[in-house]
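Below are my notes on this model, as numbered points. Please read them with the structure open.

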Number of protein chains: 2
Amino acid sequence: MQPDWIAVDWGTTRLRVWAMSGAQPVAARASDKGMGGLTPEGFEPALLELIADWLPDRGQMPVIACGMVGARTGWAEAEYRATPCTPLDPHRATRPPVRDARLDPRILPGLSQAEPADVMRGEETQIAGFLAAQPDFDGTLCLPGTHCKWVAIRAGRVERFQTFMTGELFSLISRQSVLRLTIGDAATDDEAFAAAASRAMADPNAAHAGLFALRAGALLHDLGAEKAAGALSGLLIGAELGAARDFWHDRTTIVIGAPALARLYETPLRAAGADAAHLDGGELVLAGLTAARTALQEKP
Amino acid sequence: MQPDWIAVDWGTTRLRVWAMSGAQPVAARASDKGMGGLTPEGFEPALLELIADWLPDRGQMPVIACGMVGARTGWAEAEYRATPCTPLDPHRATRPPVRDARLDPRILPGLSQAEPADVMRGEETQIAGFLAAQPDFDGTLCLPGTHCKWVAIRAGRVERFQTFMTGELFSLISRQSVLRLTIGDAATDDEAFAAAASRAMADPNAAHAGLFALRAGALLHDLGAEKAAGALSGLLIGAELGAARDFWHDRTTIVIGAPALARLYETPLRAAGADAAHLDGGELVLAGLTAARTALQEKP
């Protein structure tokens with residue numbers, strides 16, 4: 001089947017593309033040419049590498065992209081739309097200049113919040129994909145990852161959001177601080193995770209005070225790498241959950257992410273009595289890009 | 001004047017030695033051959049590089065060392081003495097084997113605390129140096145650095161202590177996380193520091209929730225590198241001060257360190273009404289090593 005547009009999820013470390021026929025993906029490809037490793041001139045070739053044989057001999061192919069590709073240091077800077085607002089407005093997409101005239105690329109805007117200052121690029125498209133299936137959702141979406149986004153939704157709009165750097169902190173502390181000697185790349189022990197998460201949710205000082213104790217525990221009490229990894233993860237995620245309490249307390253909360261990661265958020269939330277569930281959001285970004293395509297066709 | 005012993009402060013990144021005549025330093029040298037860059041076989045040559053011409057033609061030279069040189073991955077593992085205890089017991093020093101028979105080295109023990117698990121190596125000798133001058137001190141010592149130690153002292157003994165990884169976290173977050181794009185090696189703005197420290201002392205969630213806002217503030221509101229550096233430092237130190245409140249609330253607290261660093265702790269402590277002062281502790285380690293030498297001579 002001949003594609004009539006191309007969907008692109010272009011993050012810091014990864015580029016994913018889909019050849020689309022209407023709302024149906026007919027082919028999918030990916031590369032590691034994320035925005036983080038490209039100069040502005042590198043984007044068009046990196047994209048063509050994956051999609052050249054999907055392009056028509058004549059005429060233009062619409063390409064709709066979201067993510068860090070729209071950052072200041074990306075292909076072309078896409079704007080931030082100020083919340084509160086709907087997650088998506090493809091009519092405000094940025095159109096980077098191209099050398100290959102068959103390409104008609106648009107980079108979707110991100111979202112911003114003035115105070116407390118916050119930004120997102122890419123997650124807004126996942127949120128749009130979620131709302132395409134559940135337009136009446138009233139509650140909070142939690143999107144964990146390197147940077148975790150907490151997003152309060154009402155009446156189809158993003159009311160406010162907050163970013164936590166928990167994933168990045170875990171990676172830096174476990175691999176590069178003195179705790180690397182104890183943790184490194186060890187898997188996280190579930191029981192140690194649960195105990196530490198519960199402690200840090202109840203006492204926001206626990207994460208500040210408890211880090212070095214993991215190194216000392218290894219030296220004095222033979223604390224193992226997996227227990228220490230679980231405790232570090234629990235301290236950091238528990239601290240995040242405590243600090244994000246306004247987002248999940250008395251609100252339906254859906255954690256969107258791959259099951260192993262989503263569980264690290266969902267389990268302590270449920271243990272704290274929250275109305276929390278999780279959703280494997282693998283294809284939400286595609287649903288969001290499809291919603292953008294539909295909106296552009298309805299009112300070009 | 002001929003030295004009769006040699007004092008050694010051997011940390012992770014630096015080696016400092018003094019040729020001593022009784023309690024008087026007659027010469028001082030230093031190199032960057034810290035414990036972190038040496039294999040066990042490398043310690044004796046690294047030491048001899050600095051002190052060979054201080055050694056006698058015959059007979060032995062006492063060498064008294066403290067710090068990470070006594071770590072498991074150091075020259076020879078020195079024990080940890082369990083608190084509560086005095087900071088110093090040179091009779092329990094470890095004597096690493098040497099090839100050069102003129103060397104008689106002793107590595108002083110560190111201190112440990114079983115619960116919450118904690119350890120120190122080197123700071124106990126600074127504490128001993130402090131107590132040599134103020135034996136009746138009753139209060140808290142705060143020793144900031146890569147890892148900051150809070151130490152409760154009474155009747156010449158370390159009652160309990162706690163380590164915070166604040167300096168290491170600041171370095172990792174400012175230079176290696178996404179905030180490196182905003183902060184890097186910028187100096188810290190005093191006003192931004194004070195505001196953030198006060199906020200984080202009052203609300204332990206502020207440091208968890210406030211990190212990414214520094215990146216977003218740069219993108220949305222032109223937050224400058226020095227303001228962001230000051231705010232990051234304030235959030236992390238404020239969180240530490242909040243979590244260490246038991247150590248400084250209603251207790252005389254002395255921050256020991258170089259003035260610029262000590263001020264980052266002393267200023268918010270005083271703003272919070274604490275009885276805090278600071279002491280430039282540059283030579284405390286030498287006073288502690290001298291106290292160890294004296295104790296060994298009194299009862300060899």
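1. In this predicted model, B:R154 and B:E159 are joined by a salt bridge between their side chains, with 3.5 Å from N to O. B:R154 has a relative accessibility of 40% and counts as partly exposed. B:E159, at 33%, is partly exposed as well. Elsewhere, salt bridges with shared partners link A:R95, A:D104 and A:R106 into one network.

2. Over all chains, the search of the whole structure gives 28 salt bridges. One of them pairs A:K33 with A:E49, and the closest N and O atoms there are 2.8 Å apart. A:K33 is partly exposed, with a relative accessible area of 30%. A:E49 has a relative accessible area of 53% and is exposed, because the cut-off for that class is over 50%.

3. A further salt bridge is found in chain B, where the side chains of B:E77 and B:R72 meet at 3.4 Å, N to O. B:E77 is partly exposed, with 40% relative accessibility.

4. How many salt bridges are there between chain A and chain B? The count is zero. Polar contacts do occur between chain A and chain B: twelve residue pairs are counted, with both residues at pLDDT 80 or more. Among the residues of chain A that touch chain B, 22 are nonpolar, twelve polar and four charged.

5. The contact between the two chains involves 38 residues of chain A and 38 residues of chain B. About 3300 Å² is buried between chain A and chain B, and carbon and sulfur atoms give 71% of this area. On the side of chain A, A:M165, A:H208 and A:F212 lose the most area to chain B, together 20% of what that side buries.

6. Which parts of chain A supply the side that touches chain B? Several elements each give at least two residues, including strand 11 (157-164), helix 3 (166-176), helix 5 (206-221) and helix 6 (225-243) of chain A. Helix 5 of chain A has the largest share, with eleven residues.

7. Helix 6 (residues 212-221) of chain B is largely enclosed by the rest of the structure, because seven of its ten residues are buried. These are B:F212, B:L214, B:R215, B:A216, B:G217, B:A218 and B:L219. The buried residues of this helix pack against elements of both chains, among them strand 10 (148-154) of chain A and helix 7 (225-243) of chain B. Just after helix 6 of chain B, B:D222 has a positive phi of about 55°.

8. B:L103 is part of strand 6 (residues 103-107) of chain B. Is B:L103 buried or exposed? B:L103 has 1% relative accessibility and is buried, because the cut-off for buried is under 20%. Leaving aside residues up to four places away in sequence, B:L103 touches B:E44, B:L48, B:I51, B:L55, B:Q60, B:M61, B:V63 and B:V98. The C-alpha atom of B:L103 is 53 Å from that of B:G224, which lies 121 residues away along the chain.

9. Chain A is divided into domain 1 (5-121) and domain 2 (163-279). The centres of these two domains, taken over C-alpha atoms, are 33 Å apart.

Key: Residues numbered from 1 in each chain as written. Chains lettered and ligands numbered in written order. Predicted model: local features only at pLDDT ≥ 70, side-chain atom pairs only at ≥ 80, totals over all residues. Heavy atoms only, no water. Helix = DSSP H or I, 4+ residues; strand = E, 2+ residues; numbered from the N terminus. Buried < 20%, exposed > 50% of the residue type's maximum accessible area, 1.4 Å probe, protein only. Contact = heavy atoms within 4.5 Å. Domains from an automatic or database assignment. Buried area = accessible area lost by both parts, 1.4 Å probe. Salt bridge = Lys/Arg side-chain N within 4 Å of Asp/Glu carboxyl O. Polar contact = N/O pair within 3.5 Å; in protein donor to acceptor, adjacent residues only side chain to side chain. Nonpolar A, V, L, I, M, F, W, Y, C, P; charged D, E, K, R; others polar.
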